[in-house]
Structure formats: structure tokens, C-alpha cells
Amino acid sequence: MKQENIERTITIKNLAECLWCAPLAAHWSFTEWYVERNIPFAVNLAAYQKRGNLNSVPLCHILFLDDLPIGMGSLKENDLWSRKDLNPWLASVYIIPQMRNRGYGKILISSLEEKAWTMGIEQLFLFLGQHEQSKLSHFYSALGWTQFDEAVDNDGKPTRIFMKKKKLIL
Ligand SMILES: CC(C)(COP(=O)(O)OP(=O)(O)OC[C@H]1O[C@@H](n2cnc3c(N)ncnc32)[C@H](O)[C@@H]1OP(=O)(O)O)[C@@H](O)C(=O)NCCC(=O)NCCS
């Protein structure tokens with residue numbers, strides 16, 4: 001069967017503009033990070049509903065292909081409980097498995113970085129998830145993030161903190 005190359009339009013919306021995506025974002029987050037943690041779905045959903053801010057943290061971006069939501073990422077405070085001295089964080093970056101390795105993750109992260117810099121944030125932090133840490137480390141390094149420290153994540157497992165600073169325009 002002939003496969004056609006369908007061009008799709010990429011749009012990034014703030015969750016505030018598509019609050020109907022909050023349960024979807026909570027579901028992605030739950031299946032990716034919380035299946036083995038004792039956090040009720042309702043708590044997770046409430047956390048996403050609070051990210052419906054346009055110009056303040058916490059906020060969440062949803063990436064659409066045409067009208068189909070396929071990924072998300074957030075800016076939030078206190079993402080890493082062992083380092084509450086560092087803020088704010090790039091958090092909960094997720095692309096649905098069927099759409100990975102096509103550049104969408106990078107587009108989403110760029111949009112969140114730009115949003116942070118335009119809101120006057122000077123530096124962002126993130127910590128690596130537990131799956132495929134070396135791939136993640138390579139992925140963020142290629143996007144200009146540098147390793148800042150080692151730490152324990154919210155489950156007490158070892159992780160690495162990365163940081164990115166806003167570029168100064170002279
Ligand atoms: C990490 C993630 C958002 C990347 O999204 P993506 O759309 O596939 O990213 P892109 O297509 O822009 O870039 C692909 C790169 O991601 C890398 N990558 C990082 N983590 C990966 C993972 N867990 N699985 C597959 N590829 C991964 C690939 O190696 C590839 O690197 P390359 O450009 O050097 O070849 C996506 O893999 C994902 O949702 N993973 C599960 C959730 C997660 O781990 N989030 C990050 C927590 S810190």
C-alpha cells in the first residue's frame with residue numbers, strides 16, 4: 001500500500017488555552033512517572049489544573065500535531081524536593097512514544113526556555129528521569145544544558161541536575 005507523506009501543522013499551546021488537556025497531561029504523567037508511586041490520580045490532575053497560567057510559574061505547554069495533542073512540558077517550582085534552594089525547573093517533559101525521535105521534544109523544550117527567558121527568568125534547572133539516563137544526558141547537553149550537580153530524586157534514587165542560563169545579548 002502506498003504511504004503518503006502527510007504534512008502536519010505543529011502548534012504549541014499554553015495549557016491555559018486548552019484546559020481540556022489537563023486530564024490528558026495528568027494521564028501521561030501518571031503512566032510515565034507515577035504508576036509505581038502511591039500518588040492518587042486526582043492529586044496529579046489537580047497539579048496540572050494549577051499549571052494553567054499564561055505568564056507565571058507553574059505553567060505547562062502542550063504540543064499539537066494539527067488538532068492532536070502529542071506532548072507536554074512544564075515550568076514549575078520545587079520539582080526536586082532535595083534541592084528546594086534551586087528554582088524554577090523545566091519539568092514533566094513528555095512526547096507520546098509513537099512520535100518520539102522526530103524533533104518534537106526539542107521544539108517543546110525550546111518553547112519552554114523562550115517562555116522562561118521572556119518572563120525574566122535567568123536560569124532553569126532540570127533533573128534526569130530514571131529511564132535511559134545516558135540518552136537523556138546527551139539529549140539535554142546537545143540543547144545547551146550543563147551538568148550542575150548530583151542529587152537524589154523524589155524516590156531517593158540517584159539523579160543528575162542540569163542547568164541552563166539565559167544568554168546575554170550584548
Ligand atoms: C525525552 C523525550 C521527551 C524526547 O522527546 P523526542 O521527541 O523523542 O526528542 P527529539 O526527537 O527532539 O530528540 C530525540 C533525542 O532524544 C533522545 N532521547 C532522550 N531520552 C530518550 C528516551 N528515553 N527514549 C528515546 N530517546 C531519547 C534520543 O536519543 C535522541 O537523541 P539524538 O537527537 O542525539 O539522536 C521523550 O523520549 C520522552 O517523552 N521520554 C519519556 C519521558 C522522559 O524521559 N522525559 C524526560 C525526563 S528528564
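The model is a predicted one, so local features are taken only where pLDDT is at least 70 and side-chain atom pairs only at pLDDT 80 or more, while totals for chains, interfaces and linings use all residues. Residue numbers start from 1 along each chain, following the sequence as written.

The protein chain holds 4 helices and 7 strands; helices (H or I, at least four residues) and strands (E, at least two) are DSSP runs, numbered from the N terminus. Along the sequence these elements come in the order β-α-α-β-β-β-α-β-α-β-β. Along the principal axes, the C-alpha atoms fill a box of roughly 50 × 45 × 30 Å. Contacts here are pairs of residues whose C-beta atoms, placed from the backbone, lie within 7 Å. Of the contacts with a separation of 6 or more, 52% link residues 24 or more positions apart.

Turning to burial, 28% of the 170 residues count as buried. A buried residue has 20 or more other C-beta atoms within 10 Å of its own, an exposed one has 12 or fewer, and a partly exposed one falls in between, with C-beta atoms placed from the backbone. The largest nonpolar core has 35 residues, and A25, C60, W89, L90 and L126 touch the most other members (such a core is a set of buried Ala, Val, Leu, Ile, Met, Phe, Trp, Tyr and Cys residues joined through C-beta atoms within 7 Å). At least two core residues come from each of α1 (22-34), β2 (59-65), β3 (68-76), β4, α3, β5 (123-127) and β7, and β4 gives the largest share, with 6 residues. L126 is in contact with W89, L90, A91, Y140, W145 and F162, leaving out residues up to four places away in sequence.

I62 sits in strand β2 and counts as buried because 22 C-beta neighbours lie inside 10 Å. Beyond four places in sequence, I62 touches K13, L15, C18, C21, A25, P69 and M72. With residues up to four places away set aside, the contacts of R51 are L15, P58, L59, C60 and S74. Between the C-alpha atoms of R51 and N14, 37 residues apart along the chain, the distance is 9.2 Å.

P58, one of the contacts of R51, lies in the loop between α2 and β2 and is joined to V57 by a cis peptide bond with omega about 10 degrees. Another cis bond, with omega about -15 degrees, links N87 to P88, and P88 is placed in the loop between β3 and β4. D66, in the loop between β2 and β3, is not a glycine, yet has a positive phi of about 50 degrees. D66 is exposed, since 11 other C-beta atoms lie within 10 Å. N101, also not a glycine, has a phi near 65 degrees and belongs to the loop between β4 and α3. With 8 C-beta neighbours inside 10 Å, N101 is exposed.

Strands β6 (residues 146-152) and β7 (residues 158-165) run antiparallel and share 6 bridges; strands count as paired if DSSP finds at least two bridges between them. A151 has T159 in β7 as its bridge partner. The hairpin leaves 5 residues between the strands, and G156 there takes a positive phi near 80 degrees.

Around it are 21 residues, of which R100, G105, K106, G129 and E132 come nearest (a residue is near if its C-beta atom, placed from the backbone, lies within 6 Å). The shell is made up of 9 nonpolar, 6 polar and 6 charged residues; Ala, Val, Leu, Ile, Met, Phe, Trp, Tyr, Cys and Pro count as nonpolar, Asp, Glu, Lys and Arg as charged, and the others, Gly among them, as polar. β4 (89-95), α3 (104-118) and α4 (133-142) each provide at least two shell residues, with α4 giving the largest share, 5 residues. α4 is hardly covered, with 1 buried residue among its 10. Just after α4, G144 has a positive phi of about 90 degrees.

Note on methods. Contact = placed C-beta atoms within 7 Å.
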